[in-house]
Amino acid sequence: MIEPIYLIIVAAVVTFFLIAGLLNRYRRCPSDKILVIYGNKGGSHSAKCVHGGGAFVWPIVEDYSYLSLTPISIDANLTNALSRQNIRVDVPCRFTVGISTEPDSMLAAAERLLGQTAQQIQELARDILFGQLRLVIATMSIEELNSDRDKFLEAISANVEVELKKIGLRLINVNVTDIKDESGYIEALGQEAAAKAINEAKVRVAEQEKLGEIGKADAVRETRIRTAEANAAAVKGENEARVAIANSDASRREAEAEAQRKATAAEKVAEAQALEEAYAAQQKAELARADRERASQQANVIVAQEIEKRRLVIAAEAEAEQKRVNAKGEADAIFAKMEAEGKGLYEILTKQAAGYDKMIQAAGGDATKAYTLLLLEKLPELVKTQVDAIKGINIDKVTVWDSGKGGQDGQTSTAGFLSGLMKSIPPLGELFEQAGLDLPTYLARRKAEDATPAEVLDDEA
């Protein structure tokens with residue numbers, strides 16, 4: 001029973017390591033590289049190239065490597081190359097090449113460039129480029145190289161592309177700078193164009209001079225013929241020849257004058273146009289200066305006013321805020337004062353109420369007795385008030401006419417006057433009644449007991 005379990009465990013471990021080894025041999029290819037799998041491939045291909053994706057690499061029988069797709073810049077400064085005219089030229093060029101991703105080109109690159117460094121690939125491509133560049137230049141003339149650059153670049157691309165494809169490369173870009181030759185032929189081409197125009201002008205001038213000489217010779221020949229025939233005819237012929245010469249001179253002078261007039265007119269027109277352009281430019285400059293001055297004045301005035309306006313607004317807002325703060329502070333102070341007064345009054349009334357309550361309790365719960373006690377406390381103040389009513393009266397002189405006879409009540413006039421004066425003081429009972437209070441009965445009885453019978457009768461009346 002134990003041996004089958006061991007066999008199962010060993011088989012599972014072997015299977016696990018086998019699957020892990022196979023998964024470890026799966027290789028992914030980055031987008032900027034080509035995965036080259038070589039080894040036991042069989043068939044007509046010596047390797048398998050993968051661009052993007054991935055593939056399994058079998059252990060022992062296969063291996064892998066990568067080819068970089070990074071472009072390579074190559075300087076091909078070709079010198080002393082023979083053109084079709086056997087003129088040596090210098091053609092500085094810069095080529096940009098890279099490994100192609102076409103199936104055939106990738107296979108060619110795997111066969112010829114795998115294991116090579118970027119420097120080695122650059123040197124190999126430079127040799128191919130130099131050879132093809134010399135071949136292209138040998139099929140073209142200097143004029144074509146100098147003027148028809150598109151044809152030159154197309155010829156380079158057509159020849160170089162074929163040769164680079166053989167080793168798995170492709171041409172990405174060609175940049176040709178100035179073409180020079182050691183004989184100065186290209187420079188002479190420009191001089192030739194200028195000289196050609198000058199020579200054509202000289203030829204036209206010579207043609208005109210030739211026509212003038214021919215006309216002059218014909219006139220001389222005609223003169224001689226007429227002289228031989230007859231002196232009269234000779235004289236006539238000479239005169240006619242002179243007239244013809246004069247007319248020719250007049251025509252020449254007229255032509256010269258017309259040419260001079262046209263040249264002068266052209267100069268005047270050019271000068272007028274130049275002045276017009278100058279005046280227009282000066283006008284634009286003045287307008288621009290005026291705009292600048294206007295903007296400067298606006299900036300100096302308006303900006304200053306804007307700043308002053310903002311300052312006033314900020315000052316007004318600050319003053320309003322200060323007033324609001326002061327008003328709030330005053331309101332808080334008044335509120336605090338009123339609250340303190342209210343609390344003080346509340347405390348006073350509370351203490352008074354507590355005192356009144358204790359006073360009533362001291363009076364045995366009788367509010368009337370407590371009320372009487374309060375009146376006794378206030379009695380000195382009431383008497384003082386009654387006395388103060390006549391305290392300030394100043395009597396400088398009193399004159400009494402008294403006959404000495406008594407009245408009905410037995411009092412003399414003087415006694416009646418004094419009694420009436422004393423009665424003018426408000427009685428204590430009336431004073432209590434005016435205050436809304438009742439005089440205690442024991443005070444009223446005492447008043448009745450102290451009063452005379454006549455006073456009692458008066459009070460009853």
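Which hand, left or right, does the crossing of H3 and H5 have? The crossing is right-handed. The legends below describe close-up views of a predicted model.

**View 1. Helix H3 packs against helix H5.** Helix H3 covers residues 118-138 and helix H5 covers residues 149-165. Their axes lie 9 Å apart and form an angle of about 140°. Because angles over 145 degrees would be needed for the roughly antiparallel class, H3 counts as oblique to H5. On the H3 side, the residues in contact are Ala125, Ile128, Leu129, Gln132, Leu133, Leu135, Val136 and Ile137. On the H5 side, they are Phe152, Ala155, Ile156, Asn159, Val160, Glu163 and Leu164. Sorted by class, this contact between H3 and H5 has twelve nonpolar residues, two polar residues and one charged residue.

**View 2. The buried residues of helix H2 pack against strands and H5.** Residues 103-112 make up helix H2. Ser105, Met106, Leu107, Ala108, Ala109 and Ala110 are buried in this helix. The partners of these buried residues include four strands: S2 (33-39), S3 (47-50), S5 (62-68) and S7 (88-99). H5, shown in View 1 with H3, is also a packing partner of the buried residues of H2.

**View 3. Ser105 in helix H2.** Ser105 lies in H2. Its relative accessibility is 1%, and because buried means under 20%, Ser105 counts as buried. With neighbours within four places in sequence left aside, the contacts of Ser105 are Ser100, Lys165 and Gly168. One of these, Lys165, is a residue of H5.

**View 4. A salt bridge between Glu111 and Arg112.** The closest N and O atoms of Glu111 and Arg112 are 3.7 Å apart, and the two residues form a salt bridge. Glu111 is partly exposed, at 44% relative accessible area. Arg112 is also partly exposed, with 45%. The model has 15 salt bridges by the rule used here, and this pair is one of them.

**View 5. A salt bridge between Glu286 and Arg289 in helix H7.** Helix H7 spans residues 231-362. Glu286 and Arg289 form a salt bridge, with their closest N and O atoms 3.0 Å apart. The two residues are three apart in H7, so about one helical turn separates them. Glu286 has a relative accessibility of 38% and counts as partly exposed. Arg289, at 42%, is likewise partly exposed.

**View 6. A salt bridge between Lys323 and Glu319 in helix H7.** Which residue forms a salt bridge with Lys323? The partner is Glu319, and the closest N and O atoms of the pair are 3.7 Å apart. Lys323 and Glu319 are four residues apart in H7, which means that they are separated by about one helical turn. Lys323 has a relative accessible area of 53%, and because exposed means over 50%, Lys323 is exposed. Glu319 is partly exposed, with a relative accessibility of 46%.

**View 7. Ala367 in helix H8.** Helix H8 runs over residues 367-391, and Ala367 belongs to this helix. Ala367 is partly exposed, with 47% relative accessible area. Asp357 is ten residues away from Ala367 in sequence. In space, the distance between Ala367 and Asp357 is 9.4 Å from C-alpha to C-alpha.

Terms used: Residues are numbered from 1 along each chain as its sequence is written. This is a predicted model: local features need pLDDT of at least 70, side-chain atom pairs count only at pLDDT 80 or more; totals for chains, interfaces and linings use all residues. Side-chain values use heavy atoms; hydrogens and water are left out. Buried means under 20% relative accessible area, exposed over 50%, partly exposed in between (1.4 Å probe, protein chains only). Contact means heavy atoms within 4.5 Å. Axes are lines fitted to C-alpha atoms, for helices over the stretch in contact, and angles run from 0 to 180 degrees between N-to-C directions. Angles under 35 degrees count as roughly parallel, over 145 as roughly antiparallel, 65 to 115 as roughly perpendicular and the rest as oblique. A crossing is left-handed if the near helix is turned anticlockwise from the far one by less than a right angle, and right-handed if clockwise. Ala, Val, Leu, Ile, Met, Phe, Trp, Tyr, Cys and Pro count as nonpolar, Asp, Glu, Lys and Arg as charged, and the others, Gly among them, as polar. A salt bridge is a side-chain nitrogen of Lys or Arg within 4 Å of a carboxyl oxygen of Asp or Glu.
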